[in-house]
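Me: I'm new to reading sheets and helices. Can we go through this one together, and can you tell me how you know each thing?

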Amino acid sequence: MRGELERVAGQERLDTLDSSPLDLATAVRAVGVVKRFGERTILKGVSLEVRSGEVLCLIGPSGCGKTTFLRCLNGLEPIQGGRVEVGGKLVFEGLEESGRRRSQTERELAQHRSELGFVFQRFNLWPHKTALENIREAPTLVRGTPRVQATLEAEALLERVGLSDKAHAYPAQLSGGQQQRVAIARALAMKPRVMLFDEATSALDPEMVGEVLAVMKELAGEGMTMIVVTHEMGFARHVADRVGMMDGGELIELSPPDEFFDRPSSERTRAFLSKIL
């Protein structure tokens with residue numbers, strides 16, 4: 001009963017938050033997503049649609065469920081209620097509704113994750129592999145890309161993120177900003193439908209933030225679909241197509257950036273922005 005109430009509430013919130021018709025194909029759709037750890041409910045029926053080519057930024061206080069939501073989209077966490085669709089295909093539904101993950105095998109799960117590139121707060125590079133090897137590994141092992149082709153594509157991605165001269169450097173030989181750019185290139189190597197960024201600049205020294213944001217802005221300009229959890233309000237205001245506010249496991253506001261920052265409808269959003277801007 002509790003799961004059903006949360007699912008319905010999540011759908012009602014989606015209808016309230018963004019009732020405009022989708023004029024482009026929907027890349028990702030979450031409907032009434034519920035996530036619990038034991039008795040603690042982290043996501044309380046979150047519903048969200050992201051159009052292909054859209055940049056969506058999610059902001060909110062620490063512990064509000066932003067990161068957990070990304071992990072549920074990517075299948076790193078099973079959901080207890082609701083469903084997740086990618087490209088119109090149902091990939092996960094709540095364990096309380098289906099009794100199982102929608103993606104039943106590791107192969108199916110790996111295929112799903114290959115469509116949603118994930119860039120973590122901490123870079124999670126393999127320390128014993130060079131930058132090029134970190135990028136080449138997944139296409140070779142997961143997609144079966146021939147090694148020569150994967151190497152050429154990895155070199156092109158390193159050039160794309162401004163690190164063509166660091167192909168044979170190990171993570172310990174790179175700055176934090178360089179490691180994060182390698183992590184972005186590694187995610188792009190799988191040719192994902194959507195890129196998920198989980199506070200990709202939060203672990204960086206201030207002078208390194210700009211180089212990572214520049215790569216993200218370039219991706220946005222090229223039409224990459226992106227869901228970005230961030231504390232970088234300048235990026236959210238100037239790059240995002242829509243900005244969402246999460247609080248207490250709920251999506252409480254979702255609107256274009258000018259409206260979100262200049263005329264927020266939620267008192268909670270206004271209070272949050274007043275503390276960080």
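Me: How do you know that strand E9 and E10 pair, and in which sense?

Reply: Keep in mind that this is a predicted model. Two strands pair if DSSP finds at least two bridges between them. Strand E9 (residues 242-247) and E10 have five bridges, so they count as a pair, in the antiparallel sense. Val243, for instance, stands opposite Ser255 in E10.

Me: What makes strand E6 and strand E10 edge strands?

Reply: The open sheet has six strands in the order E6-E7-E8-E3-E9-E10, with mixed pairing. Strand E6 (116-119) and strand E10 (250-255) each pair on one side only, and that's what makes them the edges.

Me: Which strands does helix H4 touch?

Reply: Helix H4 (residues 106-115) packs on this sheet and touches E6 and strand E7 (194-198). The cut-off for contact is heavy atoms within 4.5 Å. The direction of H4 makes about 70° with that of E6.

Me: And what about helix H11: which strands does it lie across?

Reply: Helix H11 (residues 267-276) lies across strand E3 (55-59), E9 and E10, at about 95° to E9.

Me: Over to the four-stranded sheet. How do you know that E4 and E5 pair?

Reply: Same test: at least two bridges are needed. Four bridges join strand E4 (residues 81-86) to E5, so they pass, and they run antiparallel. Glu85 stands opposite Leu90 in E5.

Me: In what order do the strands of that open sheet come?

Reply: The order is E2-E1-E4-E5, with antiparallel pairing. Strand E2 (40-51) and strand E5 (89-93) are the edges, as each pairs on one side only.

How values were computed:
Residues numbered from 1 in each chain as written. Predicted model: local features only at pLDDT ≥ 70, side-chain atom pairs only at ≥ 80, totals over all residues. Heavy atoms only, no water. Helix = DSSP H or I, 4+ residues; strand = E, 2+ residues; numbered from the N terminus. Axes fitted to C-alpha atoms, helices over the stretch in contact; angles between N-to-C directions.
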